[in-house]
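These are notes for a colleague opening this entry. Please read the numbered points with the sequence and the structure side by side.

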Amino acid sequence: MTDETARPADEGAPISEDDDRSVERALRAGLADFELSIEDQALLDTQDELLAGAAERGPLPVVAVVGRPNVGKSSLVNRILRRREAVVEDVPGVTRDRVSYEGEWGGRRFTIVDTGGWEASATGIHLRVAEQAEIAIDLADVVMFVVDATVGATDDDESVVRLLRRSGKPVVLIANKVDDQRGEADAAALWNLGLGQPWPVSALHGRGSGDALDAVLEVLPEVSAHGAYAQGGPRRVALIGRPNVGKSSLLNKLAGSERVVVDELAGTTRDPVDELIELAGTTWRFVDTAGIRRRVHQTRGADFYASLRTQTALEKAEVAVVLIDAEQSIAEQDIRVVQQVIDAGRALVIAYNKWDTLDEERRYYLEREIEKELVQVPWAPRVNISARTGRHLDRLVPALEQALESWDTRVPTSRLNAFLGEVVAAHPHPVRGGKQPRILFATQASTRPPRFVIFASGFIEAGYRRFLERRLREQFGFEGTPIEVSVRVREKRRR
């Protein structure tokens, strides 16, 4: 930010909203001198207006991603979201449920639904997975049908085509795994399916995904005809932690009944268990999950699938309560569980269970462990509880509400830039190699969790990014939510 538009924080006079807007206009005008991509321009031009009018327009249009197992549906969803949300594993059948996410492309927002693999001869659990995929098609406004171009159209693909024709929904055919130009011929062979142009895409590398999304936007309505994935309903809370920390006991105490099997044997819970529970006049959906033992790829058998289902439950949740056994030292697994919540972009509350059993000495050492081991999450609300006796469970709801409010927080662009102008004026980025990068403009790209995009004239060091994140938290709160600060370096236009 330039010296002319940045204002020092100690001027003393209160800053008006008009002043904030004038700073924003000046900075936006300065961006005209820099090279911006189409994506940059879409973000700058439409983000605030789209989000401000979302409630008036109705539910977001729905795009369902379908296909047989292991064709790369979840990888494509992650590519569209531009972050790793859907669980991806190099084995068929990892995705089972319909999982919805909010996506954006070219200034248009939509709900994208990842589905399990559809098979004509499915039986048992695979049949139920296929049924969920059919429901996703019925509730969608547009369908992205994914085919593995390296394998070609199979009998199952032909069956999906018949299903899609009966549905009458607009279909965009995705020829996935076309990693280079040599695979274009394989993609062209899919014209034989009779669904129109196959769009060659590499979900792994991103090749062709933009063109495919442009094709989706051409047939995507402004508002969903079904509204099945509209925001609302009980807030979703995942209870997670390593085995035997008291997740099931907490769910039983909150529910007021023996809803879940509880045993001293670690790992009793395998499948996530949902329960609607009314607390302080509000209904919440709590999900008890299997204990996270170690990294998923190092787990085998039933524990492997339990870990996958726990990850899926976390992705469906809005806020996670990480339980830590206060009687034991904070372990590497506890830290990994907390990091898993941050990586998933979910709001976070940390609950120290069995607090009523601690003596003064153990409480002293636990505080020291928290300062040392959980130094990366000082922003997470903390509650000290007893799942067995119900002690201090009344403190859980205020912590959840605080975390979710922060998770949903949006900072107006004018206020954000005025604030960053003050910060940069008082604490400019260090000079490196004779150059000092300037922050040109900033905007909040999304919420849930809050994500900020900063346009800069040069590389912003990781230490300075952490400084900006810390100052954002000091100014705007964000108690209980991770926030993401990304930087886009842009060069001046050549005259």
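1. Arg368 and Glu371 sit three residues apart in helix α12, so about one helical turn separates them. The two form a salt bridge, with the closest N and O atoms 3.0 Å apart. A salt bridge here is a side-chain nitrogen of Lys or Arg within 4 Å of a carboxyl oxygen of Asp or Glu. Arg368 counts as partly exposed because its relative accessibility is 34%; the cut-offs are under 20% relative accessible area for buried, over 50% for exposed, and partly exposed in between, with a 1.4 Å probe and protein chains only.

2. On the origin of the numbers: this is a predicted model, in which local features need pLDDT of at least 70 and side-chain atom pairs count only at pLDDT 80 or more, while totals for chains, interfaces and linings use all residues. Residues are numbered from 1 along each chain as its sequence is written, and side-chain values use heavy atoms, with hydrogens and water left out.

3. Helix α12 (residues 360-373) also holds Arg362. Is Arg362 buried or exposed? Its relative accessibility is 16%, so Arg362 counts as buried. The Arg362 side chain makes a polar contact with the side chain of Glu369, at 2.9 Å. A polar contact is a pair of N or O atoms within 3.5 Å; within protein, one must be able to donate a hydrogen and the other to accept it, and residues adjacent in sequence count only if both atoms are side-chain atoms. Leaving aside residues up to four places away in sequence, Arg362 touches Ala326, Glu327, Gln328, Ser329 and Glu369, where contact means heavy atoms within 4.5 Å.

4. Lys354 and Asp325 meet through their side chains in a salt bridge of 3.0 Å, N to O. Lys354 lies in the loop between β11 (347-353) and α12, and Asp325 in strand β10 (residues 319-325), so the pair ties together parts that are 29 residues apart in sequence. Asp325 is buried, at 2% relative accessible area, whereas Lys354 is partly exposed at 25%. The phi of Lys354 is near 65°, a positive value in a residue other than glycine.

5. Another residue to check for its backbone is Asn70, whose phi is near 65°, also positive in a residue other than glycine. Asn70 belongs to the loop between β1 (62-66) and α4 (73-81) and is partly exposed, with a relative accessible area of 34%. Most residues other than glycine have a negative phi, and most peptide bonds are trans. The bond that joins Arg448 and Pro449 is cis, with omega about 0°. Pro449 is in the loop between β13 (439-446) and β14 (451-456).

6. In helix α15 (residues 462-476), Arg471 and Glu474 are three residues apart, about one turn of the helix. Their side chains form a salt bridge at 3.1 Å, N to O. Arg471 is partly exposed at 23% relative accessible area, and Glu474 is exposed at 55%. Elsewhere, salt bridges that share partners join Arg235, Glu318, Asp408 and Arg448 into one network.

7. For the chain as a whole, the count is 22 salt bridges. The secondary structure comes to 15 helices and 15 strands, taken as DSSP runs (helices H or I, at least four residues; strands E, at least two) numbered from the N terminus. Of the 495 residues, 49% are buried.
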